[in-house]
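These are my notebook entries on a structure that I looked up for the first time. I record each point in turn.

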Amino acid sequence: MNSYKTKDLYEAALLYAAGIGLVGLDGEGKQMWFVFGDREESERLANSYWSRLAEVNAKDYADAIRSLKDRLFARKDNYDK
């Protein structure tokens, strides 16, 4: 499968803000993973994030954080029922 998983919200927000498609959320117990397509590009961006070299539009990044939190909490609410 050509996907990339991360449980870090802020790393996920960078990928989302950079235009990497969010495939979905994957739950393992109480852990939720953000699943993105294009593993190679996702890994490249994730490495630039962790090395503090990533650049995205600040507004897009803030919007991505809000959107991913909404998805995460909507999924958590459904998971808890």
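**Entry 1: a pair in helix α2.** I looked up Arg39 and Glu43, which are separated by about one helical turn because they are four residues apart in helix α2. Helices here are DSSP runs of H or I with at least four residues, and strands are runs of E with at least two, both numbered from the N terminus. The side chains of Arg39 and Glu43 meet in a salt bridge at 2.9 Å, N to O. A salt bridge requires a side-chain nitrogen of Lys or Arg within 4 Å of a carboxyl oxygen of Asp or Glu. Arg39 is partly exposed at 37% relative accessibility, and Glu43 is partly exposed at 30%. Buried means under 20% relative accessible area, exposed over 50%, and partly exposed in between, with a 1.4 Å probe and protein chains only.

**Entry 2: basis of the model.** I note that this is a predicted model, in which local features need pLDDT of at least 70 and side-chain atom pairs count only at pLDDT 80 or more, while totals for chains, interfaces and linings use all residues. Residues are numbered from 1 along each chain as its sequence is written, and side-chain values use heavy atoms, with hydrogens and water left out.

**Entry 3: other salt bridges.** How many salt bridges does the structure hold? I find five. Lys5 forms one with Asp26, their closest N and O atoms being 2.5 Å apart. This pair links distant parts of the chain, with Lys5 in strand β1 and Asp26 in strand β2, 21 residues apart. I also find Lys59, Asp63 and Arg66 linked in a network of salt bridges.

**Entry 4: the sheet.** I see three strands forming an open sheet in the order β1-β3-β2, with antiparallel pairing; strands pair if DSSP finds at least two bridges between them. β1 (3-6) and β2 each have a single partner strand, so one side of each is left without a neighbour in the sheet. Tyr4 stands opposite Phe36 in β3.

**Entry 5: Ser42.** Leaving out residues up to four places away in sequence, Ser42 touches Tyr4, Leu15, Ile20, Phe36 and Gly37; contact means heavy atoms within 4.5 Å.

**Entry 6: the core.** The largest nonpolar core has 19 residues, and Leu15, Phe34, Phe36 and Leu68 have the most contacts inside it. Such a core is a set of buried Ala, Val, Leu, Ile, Met, Phe, Trp, Tyr and Cys residues joined through side-chain atoms within 4.5 Å. α1 gives the most to this core, with six residues.
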